[in-house]
Each structure stands twice: as structure tokens, then as C-alpha cells.
Amino acid sequence: MMEFIKCVIDKKVCRDCNFCTTTNICHSPNECVGCMSCYWACPYEARKIIYLEEERPRVRIRVNGIEYEVPKGITVLRALELIGYRVTRFPEKDSISAPCRTGGCWSCAVLIDGELERSCITPVRDGMSIRTDVDGREPLRIVHGPEPHSVGGKATPWYEKGYRYVEVAIWVAGCNLRCPQCQNYHVTYDNTTAPMTPLEAARILTYYRKYFKVKGIAISGGEPTINRRWLVEYFKYLREMNKEKDTRLHLDSNGTVLKPDYIDELVNAGCNNIGVEPKGIRVETFMKITGIKNRDLAEEYLNTSWNAIKYIRDKYIEEVYLGVGIPYNSAFMTLDEIREIGERIADIDESIQVCVLDYFPIFRRRDIKRPSPSQMLEVKKILNEVGLKFVIVQTSLGHIGP
Ligand code: FES
């Protein structure tokens with residue numbers, strides 16, 4: 001007997017918002033394969049999980065030339081895990097990295113009957129042929145945008161703001177976190193839009209940068225770093241196409257998978273502007289904000305994010321413009337914690353640019369209130385008091401600071 005998962009719609013909770021028929025679409029509509037993509041994506045939490053212990057008929061699949069039998073009605077990713085392939089949350093070598101599991105990031109893609117496809121949402125089928133070595137294929141990712149941006153992100157240098165547009169940006173689908181107040185959920189949980197290669201994204205952004213006459217090209221999400229191969233290639237192409245020294249190639253990240261070797265690879269590829277948003281300083285707050293329930297994983301993500309800030313500051317102070325983001329809403333963070341965060345950043349370097357984001361009600365936290373401009377100014381005052389020199393707060397009236 002094995003345990004399987006099945007997701008069902010709770011009709012009493014469903015609001016017919018159509019998110020699951022337009023943006024996060026089931027890739028196995030006739031038989032739930034327990035991928036849980038719809039469970040994570042439903043804005044009204046109208047999906048319930050049923051755990052089943054049962055015997056299932058088996059299907060035959062061929063993986064890298066070897067034949068296996070696996071239970072029917074599961075994802076390709078689970079089948080690969082069952083036959084011994086290593087599946088990870090972090091982008092690691094010799095593993096299948098599956099960080100979002102909602103079909104947006106394409107990091108888990110394998111060749112299925114010769115076509116690149118996402119293993120996390122694709123059902124196994126009898127006779128399927130799978131190859132896990134995809135290095136010879138262009139990576140893919142769902143991309144929204146580009147759009148010109150008048151304020152930029154947490155690491156957009158404050159002294160560049162004030163022009164009509166400060167950068168052009170794309171937002172990529174898929175995230176390794178499950179924030180109930182995800183500020184961009186229609187991008188994060190999109191598994192439907194046709195994906196782009198890094199070359200296609202770099203070409204269109206370069207065109208937009210020239211058209212809007214801006215210095216910055218930004219990538220945000222979702223979480224850009226969770227498809228490592230795609231992101232590194234994207235920065236390489238961008239740098240090749242944008243050789244001017246003052247062009248800012250800007251990565252906006254939660255920092256949770258940005259380990260030192262990955263940061264080195266990104267900087268070598270041409271990224272020279274990085275924003276990191278560690279979401280908190282206490283693991284309990286991090287878990288509340290991000291929806292990550294596994295404490296060990298939450299701790300690892302949180303530490304990786306803070307270590308990334310220090311590593312970038314210490315190693316790349318000359319080459320990379322660094323910004324730190326702090327999410328604020330009194331529903332999930334106290335002013336004491338804001339002070340602690342400020343002290344930790346000031347301890348690394350008082351000159352790091354800090355941008356506090358006033359998290360507004362959206363997605364699964366429509367019950368919270370957007371912080372008022374005066375609350376945000378109180379937050380700014382605390383951060384200035386601990387010594388931080390360049391603090392910007394996002395408010396409903398626009399950005400204020402430094
Ligand atoms: S893990 Fe499969 S698409 Fe992100």
C-alpha cells in the first residue's frame with residue numbers, strides 16, 4: 001500500500017473566480033495526480049487534500065533508457081523520486097530541482113517523449129519515455145512583461161529615481177515560498193502562459209531598454225533565482241547585448257537560494273544590481289509571512305537570505321549595487337522586529353539601501369489593512385535611528401526617502 005494525494009474542490013468555499021481555469025490550469029483534468037498546484041494557487045483556499053492509502057495499477061515508463069514500473073495516477077516528478085532520482089528544493093548539481101511545484105519556473109523540466117516539459121505537473125502515462133539530461137536544450141520559463149517602471153524595486157538606486165521611467169522589468173512565474181499575501185500572485189502561480197528562452201527574454205528587454213532610454217533592466221517574480229540555468233544564461237545574453245558600463249542588470253530576489261557560488265555565477269554573468277528581501281529576522285515571522293511550515297527549511301531559507309546580503313556586501317561592494325527589502329504590515333511584524341532587522345543590516349553596513357514595502361491586502365490575506373503613510377514613516381524613523389542612511393518606504397502616496 002502506498003500513500004497518494006488527491007485534491008478536491010470545496011464548492012462551499014469556491015468563489016468561481018476562474019483563476020484555476022485561466023491562470024493555474026490543471027494538467028491532468030481527468031484524474032488528479034496529486035501535484036497540488038491548484039491547492040497552492042487557489043486564492044480562496046477552496047481546495048482540500050485527501051490522503052489515500054491504496055494499491056494502484058502500474059504503468060511502464062522508460063527513464064534514460066531503462067524500463068521501470070510506477071503507480072498510475074502520479075506526476076512524472078514523483079515517479080522519478082520513487083525510482084531513486086534526487087529531487088531538491090535548492091538548485092543543486094546532479095539533482096532535479098523542483099522548487100515551485102506549480103508549473104511556473106520550469107526548473108524541474110525533463111524531456112518527455114522528446115519535448116521539454118515540467119515534471120511537477122505532468123502525469124505519468126504508460127509507455128512514456130523520459131530523459132533527465134536537459135543540458136543540450138534551451139531552458140524555459142514563464143515571463144510576464146516587459147514593462148517600463150517608474151519606481152523600480154528595492155535595489156534600484158534611489159538617486160536614479162525621479163525620471164519618468166527608471167528601468168524596464170519582467171516578472172517570472174514560480175516561487176519557492178507560499179506567502180498568503182503574495183503581492184504578485186497572478187504571476188507567481190501562472191502555469192499557462194507559453195514560456196520563453198533566456199535569449200528571447202534578453203532580446204525583448206534590450207529592445208525595451210533602448211526604446212524607453214533607461215539604464216536598468218530588472219527581473220522580479222515570482223522568484224527569479226529558482227531556475228538557475230535560465231537565470232544565468234539570461235544575464236549572460238543581457239550583458240552581451242548591453243555592454244555599456246552604466247547599464248544596470250538588476251535581480252530582485254527573496255535571497256532564499258542565493259548561496260555564495262550562485263551569487264558568484266550571477267555576477268560573472270553580468271548581474272551588477274541585486275535586491276534581497278529576507279522577509280524577517282525571526283524564523284516564526286518568516287514562517288508566518290512565507291507560509292513555509294517546515295521549520296528546518298524555513299531556517300535554511302532565512303539564513304541563506306541574510307548570508308547572501310553579507311556575502312554580496314563583503315565581496316562585491318565595488319561591482320554590485322545592493323539593496324535590501326523589508327516587508328511591513330502590523331498583521332505580521334512588530335516595530336521591535338523592524339528595529340532588530342535594521343540593527344542587523346546596519347551591522348553589515350549602514351550605507352546599504354533599504355526599501356520597506358507596505359504589504360497590501362491580496363490573495364489569501366484580503367483581511368489585512370495596508371499600512372498608512374504615517375505608519376510607514378514611523379518604520380522609516382526607527383530604521384534611521386539605528387543608523388541606516390538610505391531608507392525608502394513605499395506608501396500609498398508613493399515612495400518616500402531616503
Ligand atoms: S518545480 Fe516544476 S515548474 Fe517549478
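Two strands count as paired here if DSSP finds at least two bridges between them. Keep that in mind as you move through this predicted model.

**Stop 1: the five-stranded sheet**

Begin by selecting S4, S3, S9, S7 and S8, which is the order in which these five strands form an open sheet with mixed pairing. At the edges you will find strand S4 (66-71) and strand S8 (115-118), each of which pairs on one side only. Look along the sheet and follow its twist, which averages 40° from one strand to the next.

Next, zoom in on strand S3 (residues 58-63) and strand S9 (residues 128-131). Three bridges connect S3 and S9, and the two pair in the parallel sense. To find your place, pick Ile61, which stands opposite Met128 in S9.

S7 and S9 pair in the antiparallel sense, over two bridges. Here Ile112 has Ile130 in S9 as its bridge partner.

Now turn to the other neighbour of S7. Strand S7 (residues 109-112) is also antiparallel to S8, with four bridges between them. Select Ala109 and you will see Arg118 of S8 opposite. S7 and S8 form a hairpin with two residues between them, and Asp113 in the turn is worth a click for its positive phi of about 50°.

**Stop 2: the nine-stranded sheet**

Which strands make up the open sheet of nine? Select S10-S11-S12-S13-S14-S15-S16-S17-S18, which is also their order in the sheet; the pairing is again mixed. Strand S10 (143-149) and strand S18 (398-400) stand at the edges with a single partner strand each, so one side of each has no neighbour in the sheet. In this sheet the twist averages 20° from one strand to the next.

S11 and S12 run parallel and are joined by six bridges.

**Stop 3: a pair of helices**

Finally, select helix H6 (residues 228-241) and helix H7 (residues 260-269), whose axes lie 8 Å apart and which pack at an angle of about 25°. Angles under 35 degrees count as roughly parallel, and H6 and H7 are therefore roughly parallel to each other.

Show the side chains where they meet:

- From H6, display Arg228, Val232, Phe235, Lys236 and Arg239.
- From H7, display Tyr262, Glu265, Leu266 and Ala269.

Colour this contact of H6 with H7 by residue type, and you get five nonpolar residues, four charged and no polar.

Technical notes. Residues are numbered from 1 along each chain as its sequence is written. This is a predicted model: local features need pLDDT of at least 70, side-chain atom pairs count only at pLDDT 80 or more; totals for chains, interfaces and linings use all residues. Axes are lines fitted to C-alpha atoms, for helices over the stretch in contact, and angles run from 0 to 180 degrees between N-to-C directions. Angles under 35 degrees count as roughly parallel, over 145 as roughly antiparallel, 65 to 115 as roughly perpendicular and the rest as oblique. Two residues are in contact if their C-beta atoms, placed from the backbone, lie within 7 Å. Ala, Val, Leu, Ile, Met, Phe, Trp, Tyr, Cys and Pro count as nonpolar, Asp, Glu, Lys and Arg as charged, and the others, Gly among them, as polar.
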